Structure formats: C-alpha cells, structure tokens
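Reader: Hi! I have a new structure open and would like to talk it through with you. Could you take a look with me?

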Amino acid sequence: MLKHEVDKIEERTWRINEFGLVNAFAVEGDESLAIIDTGCGYGDIRSALEAVSDKPVKVLLTHKHPDHAGGIYHFHDCSIYMNKEDEGLTFLGMGLDNAFRRMYAETRGPVKCPGREEEIMSMIPPSEPDCTFSYTNTDDGTTIELGSRTLTCIHTPGHTKGSVCYLDEKLGILFSGDAVNKSIILMRQPGNSNTLIEEFDGTLRKLWARKDDFEKLAIGHDGPFIDKNIICDYLVLTEGILNGSIAGDYEEKGFRKGEVARYGMAELWYRCDQ
C-alpha cells in the first residue's frame, strides 16, 4: 500500500511526499506545527504529519490549486492561511474534488509514480469530502509564529493571482510552492497578452531582491530543494520573451499544451492552453 513518504530535510523540517506527485512541508516550532500545502487529498496526509509532531497544526497554502489544497478536508479543526486572491480559483475548471483527483492520477501518475496508478486511484475518498474552509488572508509581510520560529509570507503572483511563498529566514529556506519550481505554468491570456509574463517577471525580481535572505528553495514538486539561482534562469526567459529575443515552441507534454521556453534549470510554459 502506498504511503506518504516523510523525509527530514532540515532541523525540525520535513518534506511529505505524496507519491511523487506533489510535496507538502512540515515546519515545527516550539509551540505549533505548520504544514505548507496539503497535497491532492489521496489517503491521509494528516496522519503522516502527526507522525513527526503532536503540536497544534497551522495550515499554510501557497495557492489554492487542488494538487496543493486538495487535502484540506483533513484540517477543518486547524487555522488555515491563504491569500484572498485565490479564493475562487479552479484548475482546468476543476475544484477541490474527486474529479480532479481522478484526472491527476490518470495523467500525472504514469509520469511520477509509474505502475502504481491504480493504487493512487484506490486512495481517492469513497465519497466527496468537504473541502470548504475558512481562512485568514496572508499577504506581504504576514508572519506566522510557531514559537521560536517564524515564517514570513511573500506575495508572488504569476502562477496564480494569490500565490505566496513562505520564508524561514532563520534556516535560509524559501518554501516556494509553484511560484518558482522546476517547471512553471502561466496560462495563455486573451490576445496572447503578456500580462501574466510581466507579473511573473515582477515576482522573480521581487524574490531576487531578497536573495540574501535564503539559500535554497523548497519546491512544490520534485525536489525537495533547488538552487535559488533558478530565479535568474527564469529572469532570462521572462526578459527575453518580453523583449522579443526569445520565442518558445508549441509542445504537448502530459497535461501541458502550449508554448514553452527553456534556459538553464528553468522551463517556462508561458502561453499554456491546458
């Protein structure tokens, strides 16, 4: 039977790997335990979290895409934090529901956990779980106190309007969700507008201006860590696309379909249709 893999990656910091599909991170302070993102909602991520600590839990969502917020139904008794810009967010028209979980298992399972797709499917809740939740808005400078450990929110729009990162300045880790990852998706805008590319470019500049505050990125997929200099690789792409010196090609890869450009460690789907 598949289980969430829990790996200690730093002092009082763990990655919870949901079958190679997506990462959540557990961050422990003296008084409480934060989980950054909640996975897709396959199986019981709460039990995996409680195996590392029995402290009261705070849930920090980097964004509301259902591969990051789909396990929220395990945490109705917890304080939940999210940026308000993502409140009505869906993914390919899907919300935090079993239809998404089936689609994700069918499309990402063969890539990330080959041969175990049926096991992943068997861990979809038998009935539709209640994924409604109340939350506290987080924005630039919001701090989450865990007791002798603080996580600071940085608003990083691009992948979604409400995407945020959480900075642990003490350990030099930026938990970046999908704001900066090995592969970033920006959806195609009407008339091929560059609005999202410009927004993402601004996010990259904002993060790089704080480069001395962190040494590595804890990313939402693969990883757990990636070199922070990937931000510079993405800046090469956004600058080039915006000034016309870089033009990607149309590709279809998994559920991604659209125009993609690559440089160094970075892969940017900047006009993605799906």
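**Cavities, pockets and strands**

Author: Happy to! Let's begin inside: α5 gives the most to the lining of the largest cavity, with 3 residues. Keep in mind that this is a predicted model.

Reader: Which elements each supply at least two residues of that lining?

Author: They are α5 (195-208) and β17 (266-272). The residues that line the largest cavity are M187, R188, Q189, S193, N194, T195, L196, I197, Y270 and R271. By class, that lining has 4 nonpolar, 4 polar and 2 charged residues.

Reader: Okay, on to pockets. How much space lies in the largest pocket?

Author: The largest pocket holds about 360 Å³ of space. Its lining has 22 residues, and R108, K112, S183, H221 and R256 lie nearest its centre.

Reader: How do the residues of its lining divide into nonpolar, polar and charged?

Author: There are 7 nonpolar, 6 polar and 9 charged residues in the lining of the largest pocket. α3 gives the most, with 4 residues, and both α3 and β12 (183-187) supply at least two.

Reader: And the second largest pocket, what volume does it have?

Author: About 220 Å³. It is lined by 14 residues, and the closest to its centre are H65, L89, T90, H159 and M187. The largest share of this lining, 3 residues, comes from β12. By class, the lining of the second largest pocket has 7 nonpolar, 6 polar and 1 charged.

Reader: Let's go back to α3. Where does its kink lie?

Author: In helix α3 (residues 98-112), a kink of about 35° lies at E106, shortly before the proline P110.

Reader: Which residues of α3 are buried?

Author: N98, F100, R101, M103, Y104, A105, R108 and G109 are the buried ones in α3. What covers them includes α2 (66-69), α4 (117-122) and β16 (256-263). R108 is also among the residues nearest the centre of the largest pocket.

Reader: Switching to strands: in what order do they form the open sheet?

Author: The order is β1-β2-β3-β4-β5-β6-β7, 7 strands with mixed pairing. β1 (5-10) and β7 (136-137) each have a single partner strand, so one side of each is left without a neighbour in the sheet.

Reader: How do β3 and β4 pair?

Author: Strand β3 (residues 22-28) pairs with β4 in the antiparallel sense over 4 bridges. A hairpin of 4 residues joins the two strands, and the bridge partner of A26 in β4 is I35.

Reader: What about β4 and β5, parallel or antiparallel?

Author: Those two run parallel, joined by 4 bridges. A34 stands opposite K58 in β5. K58 also stands opposite S79 in β6. Between strand β5 (residues 57-60) and strand β6 (residues 79-82) there are 3 bridges, and these strands run parallel.

Reader: Which residues are buried on the two faces of β4?

Author: L33 and I35 are buried on one side, and A34 and I36 on the other, so both faces of β4 are covered. In a regular strand the side chains alternate between the two faces of the sheet.

Reader: Last topic, backbone geometry. What is phi of D37?

Author: Phi of D37 is near 75°, a positive value in a residue other than glycine. D37 sits in the loop between β4 (33-36) and α1 (45-50).

Reader: And S148, is that buried or exposed?

Author: S148 counts as exposed because its relative accessibility is 53%, and exposed means over 50%. D37, at 2%, counts as buried. Phi of S148 is near 60°, again a positive value in a residue other than glycine.

Reader: Which peptide bond is cis?

Author: The one from G223 to P224 is cis, with omega near 20°. P224 lies in the loop between β13 (216-219) and β14 (225-227).

Technical notes. Residues are numbered from 1 along each chain as its sequence is written. This is a predicted model: local features need pLDDT of at least 70, side-chain atom pairs count only at pLDDT 80 or more; totals for chains, interfaces and linings use all residues. Side-chain values use heavy atoms; hydrogens and water are left out. Two strands pair if DSSP finds at least two bridges between them. The bend at a residue is the angle between axes fitted to the seven residues ending there and the seven starting there. Buried means under 20% relative accessible area, exposed over 50%, partly exposed in between (1.4 Å probe, protein chains only). Contact means heavy atoms within 4.5 Å. On a 1 Å grid over the protein atoms alone, a cavity is a set of points where a 1.4 Å probe fits but cannot get out, and a pocket is an open set with protein on both sides within 12 Å along at least five of seven lines; lining residues have an atom within 4 Å of a point. Grid points are joined across faces, edges and corners, and a volume is the space filled by probe spheres set on the points. Ala, Val, Leu, Ile, Met, Phe, Trp, Tyr, Cys and Pro count as nonpolar, Asp, Glu, Lys and Arg as charged, and the others, Gly among them, as polar.
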